[in-house]
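Q: Could you take me through this model feature by feature, giving the general idea before the particular case?

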Amino acid sequence: MRGIYSCEPTFRSYNVVLDILVSGNCPKVAPNVFYDMLSKGVSPTAYTFGVVMKALCMVGEVDSACSLLRDMMKNGCVPNSVVYQTLIHALSKNNRVNEALKLLDEMFLMGCTPDVQTFNDVIHGLCKLNRIHEAAKMVDRMLLRGFSPDNITYGVLMHGLCRMGQVDEARALLNKVPAPNVVLFNTLINGYVTSGRFDEAKDFMYDCMLNIGCVPDVFTFNMLIHGLCKKGCLTSARRLVNEMAIRGCNPNVVTYTTLIDGYCKEGQLEEASDVLNEMSAKGLSLNTVGYNCLICALCKNEKVHEALEMIGEMSRKGCKPDIFTFNSVIFGLCKANKMEEALGVYRDMLLEGVIANTVTYNTLIHAFLRRGAIQDALKLVNEMLFRGCPLDIITYNGLIKALCKTGAVDKGLALFEEMIRKGLNINNISCNILINGLCRVGKINNALEFLRDMIHRGLTPDIVTYNSLINGLCKMGRLREAWNLFDRLQSEGIRPDAITYNTLIYWHCKEDMLDNACLLLHKGVENGFVPNDVTWYLLVINFVKESTEESQNFYSAEF
């Protein structure tokens, strides 16, 4: 600058440049200009520090911004309210509320006055971390210092309370608000709906909101319609959409999408189609979410080719299919056992630039495993890993189950160990699959050892675990141990089910111990067991068999 105009830039020149960079959304360059300023011996002002701190916070370098607060004091600059507000906002936004609270205290000590937005930032940060009690105390602190909380303050705290399920407390807080607006009413209505208290949400709108002259908006109605759809009260939801129009509130895309989703989940595709036609008549177009609701419902109702036609319609109307769209269609094709077409959709998805996720691969892998095509499933596993998509517990459980089904239990155990090495949280399903697999191949002692290992890992065996072990013991002729295990599971508070009783009855009948089988049945009925068709079939067929054998023995003895 000096070479052209024969003058040196002052702090004002730098401040203007820094301000332009930040307001022009080029915050990354601002620190370089600031360090250039320092290298040339130009002393920054409090305003300079404030702008640079804002720039650093904008690019996520909050620690660097905080360190500048100490630097500015060393440079003889006294921090002002804007500096503190900038840092408190950034720290609260990044879930570093404890540091934000310290700066708020420091702000008061330095004689700087925060504004309501500063308090709101801290309250929002506390609510995000579910520290609702502290957030409420912060509102009290505001009042003690003479600050008047605004609707944002109350809204943030109410939202936090509702998210924690404390809807009644949120209602009590709303009663303290001098002039509540529609946003605050909506926050409480959403809290009621989310907590499953729909009737209270509806009553609140009619009895409180309308009574004080606050007009419900499209968000109010959308939340209530969502609540009704969630409850399966679709006729009432439809009526509420009509009421919206009567009250001068036009339904929007979200309104109709919510209604379509409700009908789709109930399998009422014709009604969903009627809503779609009404929507189109009003000049509204479905978005990707709406299309996904319809496509998912079509696939679940085995109308996959209609779903594929709808994807074509989406593209023609400029609505891009996403991962949920493709996953629904792949699921539908796999369900219909059309694996080649499912793989074709998977390849088309990749060509469209949509990245396959774990759901995509698990759907395809499990479909191949159900067909017994383990090699095809393993090829997809390799592709899954190649594309950087990690195997989850569902993938592993499917593979382990398929291997155990073919008798390759050792390979299943190896996969189980791999899961543990990768840090996946194993569950009862994984253990039950392997215990059942070991019992099926006659390795009952290994299965019992695995049970001990399962308990050692902090997992609690369930009725599925014990049913596999009881069957395994009976299969090996170890009926006494099976009885002991039957007693043990009851002492652990696990209720035997029909499979437990039928397994023991079957094996006792097989060993010609019909009296013990009948005794077991009587004990079971006393304990609340309701015999099913299998129970009666097992007992009747074995009694008939015994009776036939006795008759044959009698005739042999007589003649």
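Q: How are two packed helices described, and at what angle do helix α22 and helix α23 pack?

A: Two packed helices are described by the angle between their axes together with the distance between those axes. In this predicted model, helix α22, spanning residues 358–370, and helix α23, spanning residues 374–386, have axes 7 Å apart and pack at an angle of about 165°. Because angles over 145 degrees count as roughly antiparallel, α22 is roughly antiparallel to α23. The crossing of these two helices is left-handed.

Q: Which residues make the contact between α22 and α23, and how do they divide by class?

A: On the α22 side the contact is made by Thr 358, Tyr 361, Asn 362, Leu 364, Ile 365, Phe 368 and Leu 369, while α23 contributes Ile 374, Asp 376, Ala 377, Leu 380, Val 381, Glu 383 and Met 384. Divided by class, the residues of this contact are 10 nonpolar, two polar and two charged.

Q: At what angle do helix α6 and helix α8 pack, and what residues meet there?

A: Helix α6 (residues 81–93) packs with helix α8 (residues 116–128) at an angle of about 15°, their axes being 8 Å apart. Since angles under 35 degrees count as roughly parallel, α6 is roughly parallel to α8, and their crossing is left-handed. From α6, the residues Gln 85, Ile 88, His 89, Ser 92 and Lys 93 meet Thr 118, Asp 121, Val 122, Gly 125 and Lys 128 of α8. In this contact two residues are nonpolar, five are polar and three are charged.

Q: How should I read the crossing of α3 and α4?

A: The axes of helix α3 (residues 30–39) and helix α4 (residues 46–58) cross at roughly 145° and come within 9 Å, and α3 passes α4 in a left-handed crossing. The contact is built from Ala 30, Pro 31, Phe 34 and Met 37 of α3, with Thr 48, Phe 49, Val 52, Ala 55 and Leu 56 on the α4 side. By class, this contact has eight nonpolar residues, one polar residue and no charged ones.

Q: How many disulfides does the structure hold, and where is the nearest cysteine sulfur to Cys 162?

A: A disulfide is a covalent bond joining the sulfur atoms of two cysteines. The structure holds zero disulfides. Cys 162 is in none, the nearest cysteine sulfur being that of Cys 127, 11 Å away, whereas a disulfide would need the two sulfur atoms within 2.5 Å. Cys 334 is likewise in no disulfide, and the nearest cysteine sulfur, which belongs to Cys 299, is 10 Å away.

Q: Are Cys 162 and Cys 334 buried or exposed?

A: Because buried means under 20% relative accessible area, Cys 162 counts as buried at 9% relative accessibility, and Cys 334, with a relative accessible area of 5%, is buried as well.

Q: Where does Asn 95 lie, and what is its phi?

A: Asn 95 lies in the loop between α6 and α7 (97–109), and its phi is near 60°, a positive value in a residue other than glycine. With a relative accessible area of 42%, Asn 95 is partly exposed.

Q: What can be said of Asn 337 and of Asp 410?

A: Asn 337, in the loop between α20 (323–335) and α21 (339–351), has a positive phi near 65° and is partly exposed, with a relative accessible area of 46%. Asp 410 is found in helix α25 (residues 409–421) and is exposed, with a relative accessible area of 53%. From C-alpha to C-alpha, Asp 410 and Asn 337 are 29 Å apart in space, and in sequence they are 73 residues apart.

Note on methods:
Residues are numbered from 1 along each chain as its sequence is written. This is a predicted model: local features need pLDDT of at least 70, side-chain atom pairs count only at pLDDT 80 or more; totals for chains, interfaces and linings use all residues. Side-chain values use heavy atoms; hydrogens and water are left out. Buried means under 20% relative accessible area, exposed over 50%, partly exposed in between (1.4 Å probe, protein chains only). Axes are lines fitted to C-alpha atoms, for helices over the stretch in contact, and angles run from 0 to 180 degrees between N-to-C directions. Helices (H or I, at least four residues) and strands (E, at least two) are DSSP runs, numbered from the N terminus. Angles under 35 degrees count as roughly parallel, over 145 as roughly antiparallel, 65 to 115 as roughly perpendicular and the rest as oblique. A crossing is left-handed if the near helix is turned anticlockwise from the far one by less than a right angle, and right-handed if clockwise. Contact means heavy atoms within 4.5 Å. Ala, Val, Leu, Ile, Met, Phe, Trp, Tyr, Cys and Pro count as nonpolar, Asp, Glu, Lys and Arg as charged, and the others, Gly among them, as polar.
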